[in-house]
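Student: Please take me through the strands and pockets of a model, term by term.

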Amino acid sequence: MKELGITLPEPLKPVGAYTTALKVGNLLFLSGILPFREGKLLRKGKVDKNVSIEEASEEALQVVLNAMAIVKNYIGNLDKIKQCVKVTGYIASSESFTEHPKVLNSASELLMKIFGENGKHCRVAVGVCSLPLDAVVEMDFIFELKK
């Protein structure tokens, strides 16, 4: 992360009755993460209405940074990550929008920069009519931990 010039934000706290991370065996599951920066959403709305693909991609990058902060807080060190296994992204968008994968490409590319080959992952990109707090993007993650 230092080599990439990235400083992690403070880890997010749950906004409901759940935990942000849960370790099961050697897998670490992260709950849905919103693109908060300094306690506020970057943008609100829907892609293809009032948010561009490029702006939504920035949202996805912020989600990855928030995810890394949660992981570091939960397990102590990102070096304990063996592999990013899966990313699911939910994109609030208009009914006619069909380019959901483009929104998440920035996030997938950042994970590969952070973890190299171990950052390659399976992915789902889903369009939805709304997200909590009118967020544009929400993502969840599964990581494999080193033994």
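This is a predicted model: local features need pLDDT of at least 70, side-chain atom pairs count only at pLDDT 80 or more; totals for chains, interfaces and linings use all residues.

Tutor: Residues are numbered from 1 along each chain as its sequence is written, and side-chain values use heavy atoms, with hydrogens and water left out.

Student: In which sense do strand 5 and strand 7 pair?

Tutor: Strands (E, at least two residues) and helices (H or I, at least four) are DSSP runs numbered from the N terminus, and two strands pair if DSSP finds at least two bridges between them. Strand 5 (residues 81-92) pairs with strand 7 (residues 137-145) in the antiparallel sense, over nine bridges. Tyr90 stands opposite Glu138 of strand 7.

Student: How many bridges join strand 5 to strand 6?

Tutor: Seven bridges join strand 5 to strand 6 (residues 122-128), and these two run parallel. Here Tyr90 stands opposite Val126. The chain gets from strand 5 to strand 6 through helix 2 (residues 100-115), a β-α-β crossover that is right-handed (with the strands pointing away from the viewer, the path from the first strand over the helix to the second runs clockwise).

Student: Is Thr88 buried or exposed?

Tutor: Buried means under 20% relative accessible area, exposed over 50%, and partly exposed in between (1.4 Å probe, protein chains only). Thr88 is in strand 5 and counts as buried because its relative accessibility is 9%. Leaving aside residues up to four places away in sequence, Thr88 touches Val124, Glu138, Met139 and Asp140 (contact: heavy atoms within 4.5 Å).

Student: What volume does the largest pocket have, and which residues lie nearest its centre?

Tutor: Rolling a probe the size of a water molecule over the atoms shows where empty space is left. On a 1 Å grid over the protein atoms alone, a pocket is an open set of points where a 1.4 Å probe fits, with protein on both sides within 12 Å along at least five of seven lines; lining residues have an atom within 4 Å of a point. A volume is the space filled by probe spheres set on the points. The largest pocket has about 390 Å³, and of its 16 lining residues, Met1, Lys2, Asn77, Leu78 and Asp79 lie nearest the centre. Strand 5 and helix 2 each supply at least two lining residues.

Student: What volume does the second largest pocket have?

Tutor: About 200 Å³. Leu12, Lys13, Tyr18, Gly32 and Phe36 are the closest to its centre among 16 lining residues.
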